[in-house]
Amino acid sequence: MEFLLASAVGVMTAAGIFLILRRRTFPVILGLSLVTYAVNAFLFATGRLALNAPPVLNKYEDVAYTDPLPQALVLTAIVISFGMTAVIVMIALSAYLTTKNDHIDISVDKKTGEER
């Protein structure tokens, strides 16, 4: 199970970085979302999930428990990533509406001064 989760985190991270390196805004936003999902899955896995285990340590019983701190961190990270994705989408939409182009780096022709 650990290999499957580690592979999923690695594939999501690789795909996210690949999309972040694109020249258009929409793949960059999708890449940032994929990297966020990979980080959330990694944080969630650090809690060492145990099946049918209580989320709180009981001082009277010596049983395995699930650590609630990574779950709280993931919940906070989901909320923050949703807000930041909304901000990035609005910035990208504003840039598209002002320039009529969704390329990230706009090169300028030195001879004519026009954008390509």
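Leucine 97 is found in helix H3, residues 68-99 (helices are DSSP runs of H or I with at least four residues, numbered from the N terminus). This is a predicted model, where local features need pLDDT of at least 70, side-chain atom pairs count only at pLDDT 80 or more, and totals for chains, interfaces and linings use all residues. Residues are numbered from 1 along each chain as its sequence is written, and side-chain values use heavy atoms, leaving out hydrogens and water.

**Helix packing**

- Helix H2 (residues 25-45) and H3 have axes that come within 9 Å and cross at roughly 175°.
- That makes H2 roughly antiparallel to H3 (angles over 145 degrees count as such).
- On the H2 side, the residues in contact (heavy atoms within 4.5 Å) include Ile29, Leu32 and Phe44, while H3 brings in Val74, Ile78 and Ile88, among others.

**The salt bridge**

- A search of the whole structure turns up one salt bridge (a side-chain nitrogen of Lys or Arg within 4 Å of a carboxyl oxygen of Asp or Glu).
- Aspartate 102 and arginine 24 meet in a salt bridge through their side chains, at 2.8 Å from N to O.
- The pair links distant parts of the chain, with aspartate 102 in the segment after H3 and arginine 24 in the loop between helix H1 (2-20) and H2.
- Their C-alpha atoms are separated by 5.6 Å, although the two residues lie 78 residues apart along the chain.
- Beyond its neighbours within four places in sequence, aspartate 102 is in contact with Arg23, Arg24, Thr25 and Tyr96.

Notes
Helices (H or I, at least four residues) and strands (E, at least two) are DSSP runs, numbered from the N terminus. Axes are lines fitted to C-alpha atoms, for helices over the stretch in contact, and angles run from 0 to 180 degrees between N-to-C directions. Angles under 35 degrees count as roughly parallel, over 145 as roughly antiparallel, 65 to 115 as roughly perpendicular and the rest as oblique.
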